[in-house]
Amino acid sequence: MAVALRQRSTMAHHPSSGSVDSALRQERFQLPARGASVAVARHRVRSRAPEWGLTEEVCEAAELVMSELFTNALVHTGSEQILCVLRAHERRMLYVEVADQGGGPAVPTPREAGLEDECGRGLALVRALADAWGDRPGVNGGRVVWAQLSVTADR
């Protein structure tokens, strides 16, 4: 599954205001790479996921995953804009993608945060909440980091 997923989605030709495709249950939106945009991205997940019939547990997990991936793109890249994608598949899987414009490390790498560390736990949270996650090259030197969450009851 991860191999096929790594070949999807780019930052090309997506409107800044966002778009929703209800037949595919997909939404794409692009936000400025600013701290205030993290809350906007969380809100977009929080408002869209229930419309798609996803449980509160899945909504909370997806909101946290989006927040962590967006924050990493903001902190670790030189992006001006960050593209976010939510895609639900047949009420079984929810995909969260965040695409940056590059300028950061080649590959996102989880690290072991110490007890006193104030940061460094984001990818560990993503790993704990998602069934799978990974990254792939994006357009023009950027990266796409994605997470796949199960939306079935046996999560």
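The model described here is predicted: local features need pLDDT of at least 70, side-chain atom pairs count only at pLDDT 80 or more, and totals for chains, interfaces and linings use all residues. Residues are numbered from 1 along each chain as its sequence is written, and side-chain values use heavy atoms, with hydrogens and water left out.

Within H4, the residues Gly122, Leu123 and Val126 are buried, where buried means under 20% relative accessible area, exposed over 50%, and partly exposed in between (1.4 Å probe, protein chains only). Viewed down the axis of H4, its buried residues lie within an arc of 95°, so they line one face of the helix. The arc is that of the directions from the helix axis to the C-beta atoms.

## Overall arrangement

The protein chain contains four helices and six strands. Along the sequence, they follow the pattern α-β-β-α-α-β-β-α-β-β. Of the 155 residues of the protein chain, 44% count as buried.

Among contacts in the protein chain with a separation of 6 or more, 63% are accounted for by residues 24 or more positions apart. Contact means heavy atoms within 4.5 Å.

## Packing of H3 against H4

Helix H3 (residues 56-76) packs with helix H4 (residues 122-129) at an angle of about 150°, and their axes are 9 Å apart. That angle makes H3 roughly antiparallel to H4. Axes are lines fitted to C-alpha atoms, for helices over the stretch in contact, and angles run from 0 to 180 degrees between N-to-C directions. Angles under 35 degrees count as roughly parallel, over 145 as roughly antiparallel, 65 to 115 as roughly perpendicular and the rest as oblique.

The crossing of H3 and H4 is left-handed. On the H3 side, the contact is made by Ala61, Leu64, Val65, Glu68, Leu69 and Asn72, and on the H4 side by Gly122, Leu123, Leu125, Val126 and Leu129. These contact residues of H3 and H4 divide into eight nonpolar, two polar and one charged. Here Ala, Val, Leu, Ile, Met, Phe, Trp, Tyr, Cys and Pro count as nonpolar, Asp, Glu, Lys and Arg as charged, and the others, Gly among them, as polar. A crossing is left-handed if the near helix is turned anticlockwise from the far one by less than a right angle, and right-handed if clockwise.

## The two sides of H2

In helix H2 (residues 35-51), the buried residues are Ser37, Val38, Ala41, Arg44, Val45, Arg48 and Ala49. They cover an arc of only 120° around the axis, which puts them on the same side of H2. An α-helix has 3.6 residues a turn, so residues three or four places apart point the same way. Ala36, His43 and Glu51 are exposed on the other side of H2.

## Packing of H2 against H3

The axes of H2 and H3 cross at roughly 155° and come within 9 Å; the two helices are therefore roughly antiparallel to each other. The crossing of H2 and H3 is right-handed. From H2, Gly35, Ser37, Val38, Ala41, Arg42, Val45, Arg46, Ala49 and Pro50 meet Glu56, Cys59, Glu60, Ala62, Glu63, Met66, Ser67, Phe70, Thr71 and Leu74 in H3. The residues of this contact between H2 and H3 divide into ten nonpolar, four polar and five charged.

Thr71 of H3 is partly exposed, with a relative accessible area of 25%. The C-alpha atoms of Thr71 and Val38 are separated by 6.5 Å, although these residues lie 33 residues apart along the chain.

Just after H2, Gly53 takes a positive phi of about 80°. Thr55 lies in the loop between H2 and H3 and is partly exposed, with a relative accessible area of 42%. Thr55 and Thr152 are 97 residues apart in sequence and 9.0 Å apart in space, C-alpha to C-alpha.

Gly103 belongs to the loop between strand E4 (93-99) and H4, and at 75% relative accessibility Gly103 counts as exposed. Leaving aside neighbours within four places in sequence, Gly103 is in contact with His76, Thr77 and Gly78. By contrast, Gly134 in strand E5 is buried, with a relative accessible area of 3%. The C-alpha atoms of Gly134 and Val145, eleven residues apart along the chain, are separated by 5.8 Å.
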